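Here is a short walk through the structure.

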Amino acid sequence: MRDVEKRGGVGTGGGQQQRLVQSDDLEDDLELSPMCHRPEGLEILQEQTKFNRKELQILYRGFKNECPNGIVNEDSFKEIYSQFFPQGDASTYAHHLFNAFDVDQDGSVSFEDFVTGLSVLLRGSVTDKLRWAFNLYDINKDGYVTKEEMLDIMKSIYDMMGKYTYPAVNHDAPREHVDKFFEKMDKNKDGVVTIDEFIDACKEDQSILRSMQLFEGL
């Protein structure tokens, strides 16, 4: 009966009642379940992220529009992400980014995975963002970043930005960049970078801190 009354709004209150229906429908989407994956309730996601209820509703609507079954696999993630970088090849970087969002390494990214990572990138502290970045660079997830792992990420970023960037990028630029920065990070010269070394070195580099701050306020 409650549902019929809402949907049968007549007269001047019909528009308001229709908006209530749309809001309730979206809330039901979040708090019941999509086709194949049940997202956590709004209250839990509010506690786990820095998004408010309305922002989570908007994010979920967009996520479900692209991923009707409530999860996204790597191929779909690459296809969606590559649309933002048509001038280059974003497939390798999208692969690494997908693995960073896929925190339980089950081969899929749920809405919870997505919104938790996005919360860190957009609203997290500098340290939170650097921890997330370290996880991105730690390709094999062994708790250390090697020079080759860092180079793989850096090459994928250059590939994503395209060969026609201005000014033109030297072919050896990724390796030169990594050699310089890895030397600054690897303070004990053991050939790997720990998360503490990574965070300390990044916080001492103002250019990196500025890049982290680009996400703030979005």
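**Aromatic rings and a helix pair**

One aromatic cluster is formed by Y60, F63, F77, Y81, F84, F85, Y93, F98, F101, F111, F114 and W132. The model is predicted. Searching the whole structure gives 13 aromatic pairs.

Take Y60 and F111. Y60 has 1% relative accessibility, so it counts as buried. F111 is at 0% and therefore counts as buried.

Y81 and Y93 make a tilted pair, 6.1 Å centre to centre with 40 degrees between the planes. Y81 belongs to helix 5 and Y93 to helix 6 (residues 91-101), so this pair ties together parts 12 residues apart in sequence. Both Y81 and Y93 are buried.

Helix 5 (residues 74-82) also holds S76. At 30% relative accessibility, S76 counts as partly exposed, because that value falls between the cut-offs of 20% and 50%. From S76 to E66 the C-alpha distance is 9.1 Å, and the two are 10 residues apart in sequence.

Now the helix pair. Helix 8 (residues 126-137) packs against helix 11 (residues 195-204) at about 125 degrees, with axes 10 Å apart. The two helices are therefore oblique to each other. Their crossing is right-handed. Helix 8 contributes V126, T127, L130, R131, A133, F134 and Y137 to the contact, and helix 11 contributes I195, F198, I199, C202 and K203. Nine of these contact residues are nonpolar, one is polar and two are charged.

Key. Residues are numbered from 1 along each chain as its sequence is written. This is a predicted model: local features need pLDDT of at least 70, side-chain atom pairs count only at pLDDT 80 or more; totals for chains, interfaces and linings use all residues. Side-chain values use heavy atoms; hydrogens and water are left out. Helices (H or I, at least four residues) and strands (E, at least two) are DSSP runs, numbered from the N terminus. Buried means under 20% relative accessible area, exposed over 50%, partly exposed in between (1.4 Å probe, protein chains only). Axes are lines fitted to C-alpha atoms, for helices over the stretch in contact, and angles run from 0 to 180 degrees between N-to-C directions. Angles under 35 degrees count as roughly parallel, over 145 as roughly antiparallel, 65 to 115 as roughly perpendicular and the rest as oblique. A crossing is left-handed if the near helix is turned anticlockwise from the far one by less than a right angle, and right-handed if clockwise. Contact means heavy atoms within 4.5 Å. Ala, Val, Leu, Ile, Met, Phe, Trp, Tyr, Cys and Pro count as nonpolar, Asp, Glu, Lys and Arg as charged, and the others, Gly among them, as polar. Rings of Phe, Tyr and Trp (its six-membered ring) pair if their centres lie within 6.5 Å; planes under 30 degrees apart count as stacked, over 60 as edge-to-face and the rest as tilted.
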